[in-house]
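Subject: The two-chain model, with notes

Hi,

Here is the model I promised to pass on.

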Amino acid sequence: MTRGAAILPVAAMLAVALIAWKAIVVVGGLPVFILPPPEVVGARFVRAWTDGTIPPHFGATLQEVILGFLVGAGLALVIGYGLARSVLVGRLLSPYLVAAQATPILALAPLLALWFGAGLLSKVVICSLIVFFPVAVATMVGVRSVDANLLELGRSLRATRRQVVATLEIPAALPSILGGMRVGVTLAVVGAIVGEWAGADRGLGVLVNLARGSLFDIPLMFATLLTIALLGVVLYGLVVLTERRLVGPR
Amino acid sequence: MSGHLVIRDVAVDFARPRGRLDVLDGVDLEVQPGEVVALIGPNGSGKSTLLRVAAGLLTPRRGTVELDGRAIVEPDPAIGLVFQEPRLLPWRSVAANVAYPLELAGWPRPRRDARVAELLELIGLTGFAQARPSQLSGGMRQRVALARALALEPRVLLLDEPFSALDALTRERLNLELLELWGRTATSIVVVTHSIQEAIFLADRVAVLSSRPGRIVANLRVALPRPRALDALDAAAVSPLAVEIRRRLGEVAA
C-alpha cells in the first residue's frame, strides 16, 4: 500500500467521527454548554493556541509528564530488573508494589499534593507513581524472557555481568520494556492532570477546571481536553518510533 | 600446534528430589593435538554433560580436564563450543553475531572487522554479513555458529550434535565443510553425535560412551584416509567398524 492509500481510511474514520459528533449535537438539539459542535471546538482550539491561553498551561503539563515519566520509568527499569533476577527482591517488594498500584491514584493525589506542595514536585511524584508499575512489570517479564541458552552462550564466552546485561538482557527485554512504556507514557498524562486537580496554579488540568468553572467557556474546556488527548497520542507515537528504531527486525 | 585435551576420571552427578543421579562416572578421554574424536553413546549417556565439563561450563564432582597442560575449571578462550542449536542473537546481524566473542573479549573495532570478514569468507557467507539470523536457513545458521566458535582461534573445538536438527542433505554437506575447516584451522575436535556413519566419516577415533552412569567403553580407531569425500560416508555406513560400533552400543544399551 502506498502512503497516500494508507492515510485514506484514517482520514475517512476521522470524518465519520466528526460527522457523528455533529449529528449528535444537531439531532439532540444540544446547547453549546453541554456539547459544543466540532467546528466550534476546532475554532476555539486554534484561538486558544494562538492567543496564548493554552501554551503556558501546556508547557507546565508537558514538563510534569516528561519528568514524571523519566523518573518513574527509570526507577521501574532498576526495580523491574531486581524483581526478575532476585527472588528475595520479589518477595520483599511485590506486595507493596501491587498494593500501591491497587490504591486509586485519585485518592492518593490530594495527600501527595499536601506532602510535596502545589508545585512541580507533587506532579512529578504522582506521574512517576502511575508510570512505575506497568514499566516495572514489563521490565521484569522482559528480563525473565531471556533465553537461558543465550545466557549459557554468554557464560561460555566469559561475558562479564555488565556484558550480559548490555548484550543479552537489555536487547532481549527491550520489546517488552517498550510495550510497558507505551502504556506508561499515556498514564503519565493522566497522572499530571490528576496531580493538577489536587492543587496547582498552572497546567492543562487547571485550565480544564477554569474553563468549566469560573470562565464557563465549555468550547475552551473541550479544546483543552483535545490538547491533552493529542499530547498523549504524540507521546505514544514517540515511544512507538523509538521502538522501531531500537528493536528493528528480528 | 597444540590442542592436547586430557579428561581424567571425570564424575558428574545431578541432585534429584530423591537422592542423586550419576551421569558420568570415571570418564577418561585424551584428544591428541589436531585429532578428531567422535563421542557416541545412547540417549542419556551424558555426552552433552561431558562436553560441558570439557568446556569448563560444569564443574565435575571428581576428575580433571587439562588443555595443553593447563587445568580447565572455567570457560576458556582456547576452547570453542558449538551447541545443538545455533544460539544466535536474533537482534544482531550475521556479522555482529560472529563478532560477538571478539567484542566480549575487548578486541578493537578494526581488528574485529578484519577477523569477521575472514571468518565469513571461511564459511562462505560473506554475502550475508548484514542478514538477520531469521533470514537464514538452518544450515546457514549453524555455519554462523561455527564461525563464531572459531572466532578466537580455539585450539579445541567442541561440538554438541551440531547438525542433528538439519535435514540429511544439509547435514552431509556441513560435515564435509567441517572437515575442510578442520583442515585449514588445525584445531582438535570433539564431536558428539548420534550417528555411527557421521562418527566414522568425521573422526580419527570413535569413543563409545556407556549408558548412565556414562563411561568410555570403547576407543575405536578409524582407518579411512584423508581427505575424505562424501562417498566415504556411504562406505562408512557398511564398514566393519560400523558393525563394531553398533555392537558396542548394543552392549551398553542392553
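In chain B, 4 strands make an open sheet, and their order across it is β2-β1-β4-β5, with antiparallel pairing. Strands here are DSSP runs of E with at least two residues, helices are DSSP runs of H or I with at least four, and both are numbered from the N terminus. Two strands count as paired if DSSP finds at least two bridges between them. At the edges of this sheet lie β2 (20-31) and β5 (70-71) of chain B, each of which pairs on one side only.

Before I go on, a word on provenance: this is a predicted model, in which local features need pLDDT of at least 70, side-chain atom pairs count only at pLDDT 80 or more, and totals for chains, interfaces and linings use all residues. Residues are numbered from 1 along each chain as its sequence is written, while chains are lettered from A and ligands numbered from 1 in the order in which they are written.

Back to the sheet. Strand β4 (residues 62-67) of chain B is joined to β5(B) by 2 bridges, and the two run antiparallel. Across that pair, B:E66 sits opposite B:A71. The loop between β4 and β5 of chain B holds B:D68, which has a positive phi of about 50° although it is not a glycine. Most residues other than glycine have a negative phi. B:D68 is partly exposed, because 14 other C-beta atoms lie within 10 Å; the scale is buried at 20 or more other C-beta atoms within 10 Å, exposed at 12 or fewer, and partly exposed in between, with C-beta atoms placed from the backbone.

Helix α1 (residues 47-54) of chain B lies across β1 (5-15), β2 and β4 of that chain, at about 120° to β1(B). Axes are lines fitted to C-alpha atoms, for helices over the stretch in contact, and angles run from 0 to 180 degrees between N-to-C directions.

Further along chain B, strands β9 (residues 205-209) and β10 (residues 216-221) pair in the antiparallel sense over 5 bridges. They form a hairpin with 6 residues between them, and B:V206 stands opposite B:L220. In the loop between β9 and β10 of chain B you will find B:P213, and the peptide bond joining B:R212 to B:P213 is cis, with omega about -10°. Another cis peptide bond runs from B:R226 to B:P227, with omega near -5°; B:P227 is in the loop between β10 and α7 (231-238) of chain B.

Now to chain A, which has 10 helices and 0 strands. Its C-alpha atoms fill a box of roughly 70 × 55 × 30 Å along the principal axes, and 37% of its 250 residues are buried.

Two of its helix pairs are worth a look. How do α3 and α4 of chain A cross? The axes of α3 (residues 55-85) and α4 (residues 87-102) come within 6 Å and cross at roughly 125°. The pair is therefore oblique, given that under 35 degrees counts as roughly parallel, over 145 as roughly antiparallel, 65 to 115 as roughly perpendicular and the rest as oblique. Here A:I79, A:G82 and A:L83 in α3(A) meet A:V89, A:G90 and A:L93 in α4(A); a contact means that two C-beta atoms, placed from the backbone, lie within 7 Å.

The axes of α3(A) and α6 (residues 120-144) of chain A come within 5 Å and cross at roughly 35°.

A:A173 and A:V141 are 32 residues apart in sequence, yet 7.7 Å apart in space, C-alpha to C-alpha. Beyond its neighbours within four places in sequence, the contacts of A:A173 include A:T139, A:G142 and A:V146.

Finally, the two chains meet through 14 residues from chain A and 13 residues from chain B. On the chain A side, α7 (148-156) and α8 (161-197) each supply at least two residues, and α7(A) gives the most, with 6 residues.

Best wishes
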